[in-house]
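Open the model in a viewer and keep the selection panel at hand. The tour below goes from one selection to the next and says what is there.

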Amino acid sequence: MFTPTIEWINGRIRLIDQTLLPNEFKQIYCDEVSEIWQAIKTLKVRGAPAIGIAAAFGTVLGIWHSTADNYADFEIELKNITDYLSTSRPTAVNLFWALKRMVKVAQENQSLTVPELKERLLTESLEIMSEDQQMSRSIGKYGAGLIENGDNILTHCNAGGLATSDYGTALAVMFSAHEMGKQIHVYADETRPLLQGARLTTWELMRAGIDVTLICDSVAGQVMKEGYIQRVVVGADRIAANGDTANKIGTYLKALAAKDNNVPFYVALPSSTIDWNIKNYKDIPIEERNSEELSHIEGLDDNGQVKKIQIYPQKSKSMNLAFDITPAKYVTALITEKGICKATTKGLEDLFNK
């Protein structure tokens, strides 16, 4: 059921092109580091953990054909590649975490020959992917303990297998609860403007046999007010050391509605999404994307070919922020691979022995 989101196949990166879902399931290959950069930038691969894995594989792809014959020259190439990949997207901390990890491994193994270093970095990238798979299942196990039989759960954007290597964070909670035999129903926000909830979350939940209802982003507050929702579970792209959460735009409003209606609001995340260097939300960069994502939708021309259809006045101003910040005070708890904790500095530090 869980098709790998991204893989290393015989010196190439294979990934699911998520821009085509749910209408077409297609796996594509990246043979150059510029292609994986573009895949991250254009959301062919997306979700913080998956972006981190893509960055690790992209690093290997970039150095795989290096002709350097000493560590000093190899290190220069490695730095250029990781610096380049770091420019693909600014908010998801897993990107930078993975790149730093790859550089650190190289520095710790300077005594190896360049061919050996390449193999060592490939091993590390595969380990990052394996760790993600294990963390996702642990998150699911811990989070499922919070879910009661018969619960209606609201989620925003997509934090399923497509956002990781194969199982998910927020959706891992639902997958795990479902596998335990709990009867659940999920309300999925459409998640404007790119509709990750409509296109990806509903697709994943339906494949898993989980009952799901799609709603407009603006409906979430009302269904909470009417008592339809017992839990909200979302993912995260970066968590500050105090529990402040950066996630897909619209998450903050869901947290406010949950607070007003006494609905528990949970954030599911792997430890790689925690940025211990950032004390609170003020230092989390928020990505602003191309306004065309707001002003245009995809449609079909008379020949059945996909075309962009403008839905706003041509000269209309727009602001397309990709993420927002949910202050820690609105988060009931954080669900991690180590267990569940309060969204506080102490809660995180105690759980991770910091």
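Before the next stop, some ground rules. The model is predicted, so local features are given only at pLDDT of at least 70 and side-chain atom pairs only at pLDDT 80 or more, while totals for chains, interfaces and linings use all residues. Residues are numbered from 1 along each chain as its sequence is written, and side-chain values use heavy atoms, with hydrogens and water left out.

**The whole chain**

Show the protein chain as a cartoon. It has 11 helices and 16 strands; these are DSSP runs, numbered from the N terminus, with helices being H or I of at least four residues and strands E of at least two. The C-alpha trace spans about 65 × 60 × 40 Å along its principal axes. Of the 354 residues, 55% are buried. Buried means under 20% relative accessible area, exposed over 50%, and partly exposed in between, with a 1.4 Å probe and protein chains only. Among contacts in the protein chain with a separation of 6 or more, 74% are between residues 24 or more positions apart; a contact means heavy atoms within 4.5 Å.

**Helix α6**

Now select residues 170-179, which form helix α6. Eight of its 10 residues are buried, so the helix is mostly covered. The buried ones are A170, L171, A172, V173, M174, F175, S176 and A177.

**I36**

Go to helix α1 (residues 33-41) and pick I36. Is I36 buried or exposed? It counts as buried because its relative accessibility is 0%. Leaving aside neighbours within four places in sequence, I36 is in contact with I13, L15, C30, A54, G58 and L85.

**R89**

Next, select R89 in the loop between α3 (71-85) and α4 (93-108). With 5% relative accessibility, R89 counts as buried. Which side chain does the side chain of R89 meet in a polar contact? The partner is the side chain of E287, at 2.8 Å. A polar contact is a pair of N or O atoms within 3.5 Å; within protein, one must be able to donate a hydrogen and the other to accept it, and residues adjacent in sequence count only if both atoms are side-chain atoms. Not counting residues up to four places away in sequence, R89 also touches others, including I40, L43, F96, K248, R289 and F323.

**Two cis peptide bonds**

Select L21 and P22, which are joined by a cis peptide bond with omega about 5 degrees. P22 lies in the loop between β2 (12-16) and β3 (27-30). Then move to R192 and P193, also joined by a cis peptide bond, with omega about 5 degrees. P193 is in the loop between β5 (185-189) and α7 (196-207).

**Two positive phi values**

Finish with two residues other than glycine. C157 has phi near 65 degrees and is found in the loop between β4 (152-155) and α6. At 6% relative accessibility, C157 counts as buried. N262 has phi near 55 degrees and lies in the loop between α9 (251-260) and β10 (265-268). N262 is exposed, with a relative accessible area of 70%.
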